[in-house]
Structures are given as structure tokens and as C-alpha cells.
Amino acid sequence: MTFKATVLTLYPEMFPGHLGVSLAGRALERGQWAIDAVQIRDFASDKHRSVDDTPAGGGAGMVLKPDVLASAIDSIADDNRPRLLMSPRGKPLSQKRVREIASGDGVVIVCGRFEGVDQRVIEARNLEEVSIGDYILSGGEPAALTLLDAVVRIIPGVMGNDLSGLHESFEGGLLEHPHYTRPQVFEGREIPAVLTSGNHAAIEKWRNAEALKLTRERRPDLLSESQKQQK
Ligand code: SAH
């Protein structure tokens, strides 16, 4: 079955965006995944087609109306795809969650705008709030595109070389080792000799050691207790 993404948004023209080019774009053309952007405004019922209203309790900005959003969500076939709401209050997105999503039939993603969405629709439609980081975007669309980018690239057959997805930052619990390519000398800096030695065991050992060193320096929070002890 083809992986199918349905995105609920006030800006459907933002999709597929960058996912329409390069590897993801070619996979989209080949039908290896599909995307459907649904205009939330089409579900507004008043004559002004309004989708937002002032926040209860006062304060700045506007809030996406729960009735309009619920109708938009209910227009989508009730299948077993997870229903996400992009939200800075959500659980931080991880490669683990990306893998889970990529292994399923697809995903439904709600993109917030303004100050966010009415809390009651999050609860009533059981939306899983997902954050892409501790900063505030102006809308959920770039967050949805980011999540889909991470998911689509690991759908079988999408990446040119399926193996290249296996040795990346986070996949082994560590950040990835540094990369080098020709020329042999760049502005006086040489490629580490071991990488051109042809000794595959030594190369593997060097890469693992570099990955551990980088992770210790930059992201010690990723290390397990045993990795912390390792020399
Ligand atoms: N007032 C809200 C922010 C609203 S930003 C707050 O302080 O929590 C408007 C919309 O952008 C949000 O509804 C959400 O859909 C999206 N968004 C903003 N930052 C995001 C992030 N870090 N991760 C995921 N979605 C985000």
C-alpha cells in the first residue's frame, strides 16, 4: 500500500513544497507515496468563511475554531493512520517516531496557525501533538513538511541507495562520524590517512570512535551509561 499523507491547512499551496523535487519528488511522481492537502477554510459554515476567533479570556491573536477544524478532520476517511497536530507544545519529534510513522499506511497532519487551535478539538479528535523543536514558527506547514521529509526519505525505494539510511546520526544512538571526499588535500588539510588505507576494519573502528567523540562533545544526552564509560 502506498504511504498517504493528508495535510489539513489554510495554505494548501505550500504542499508538496520542497517534497516535489529531488528524491522525494521523483518518488511522488512514481507513486511511491502520495500527498493530499485539504483546505480547512472549505469547512467554515458562516458567510464570511471564518476559521478563527478571538481567544476566550482575552489576549493577543486569534484561535482556530474547533467546529471548523473538526468538520475538516471528519471529512477524512477514518482509517488507522495516526492523526498529528504540529505544535510547539508537543512531544519532540524523534527518529524513532519517524520510523514508526514511515512503517505505517500514512499520516494525517493538522497545521496550526495564529495562536494555535482550540483545546477541545485536540481532545475530541485525539490529536497527537508533535513539536519539531523549541522555537516558534508562524504556522504548522513548515513543521509538517519537515516531518514528512524525514518520513518519506526512509520509505522503501525512495532513497537511491537504501543502505545509506542506516548509518546516520541517531540511527545508532550516536551522531555520525565526519565525512571526507576528494581532493586529497584541501587548503592544506588532508583526509585522515586511515580512510584511504583500504583497511575496512580500521576504518570502521575510526568511524565509531569519531562518532562517540562527537556525541560526547555535542550531545552527551544521547549516550547510554555504557557508552559514557567506553574509552
Ligand atoms: N501560541 C503558540 C504558538 C503558535 S505558532 C504557543 O506559544 O505555543 C502557530 C502554529 O505554528 C502552531 O499552532 C503550530 O501548528 C505551528 N508551530 C509553531 N512552532 C512549532 C514547532 N516548534 N513545532 C511544530 N509546530 C509548530
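Modeller: Start with the rule. A salt bridge is a side-chain nitrogen of Lys or Arg within 4 Å of a carboxyl oxygen of Asp or Glu. This is a predicted model. A search of the whole structure finds 15 salt bridges.

Colleague: What makes Arg 89 and Glu 129 a salt bridge?

Modeller: Their closest N and O atoms are 3.2 Å apart. The cut-off is 4 Å, so the pair counts. The pair links distant parts of the chain. Arg 89 lies in strand 5, Glu 129 in strand 7, and 40 residues separate them.

Colleague: Why is Arg 89 called exposed?

Modeller: Its relative accessible area is 59%.

Colleague: Why is Lys 96 called exposed, but Glu 100 partly exposed?

Modeller: Lys 96 has 62% relative accessibility. The mark for exposed is over 50%, so Lys 96 passes. Glu 100 has 37%. Partly exposed lies between buried, under 20%, and exposed, over 50%, so Glu 100 belongs there.

Colleague: What makes Arg 153 and Glu 168 a salt bridge?

Modeller: The closest N and O atoms are 3.0 Å apart. The limit is 4 Å, so this pair also qualifies. Both residues are in the loop between helix 5 and strand 8, 15 residues apart.

How values were computed:
Residues numbered from 1 in each chain as written. Predicted model: local features only at pLDDT ≥ 70, side-chain atom pairs only at ≥ 80, totals over all residues. Heavy atoms only, no water. Helix = DSSP H or I, 4+ residues; strand = E, 2+ residues; numbered from the N terminus. Buried < 20%, exposed > 50% of the residue type's maximum accessible area, 1.4 Å probe, protein only.
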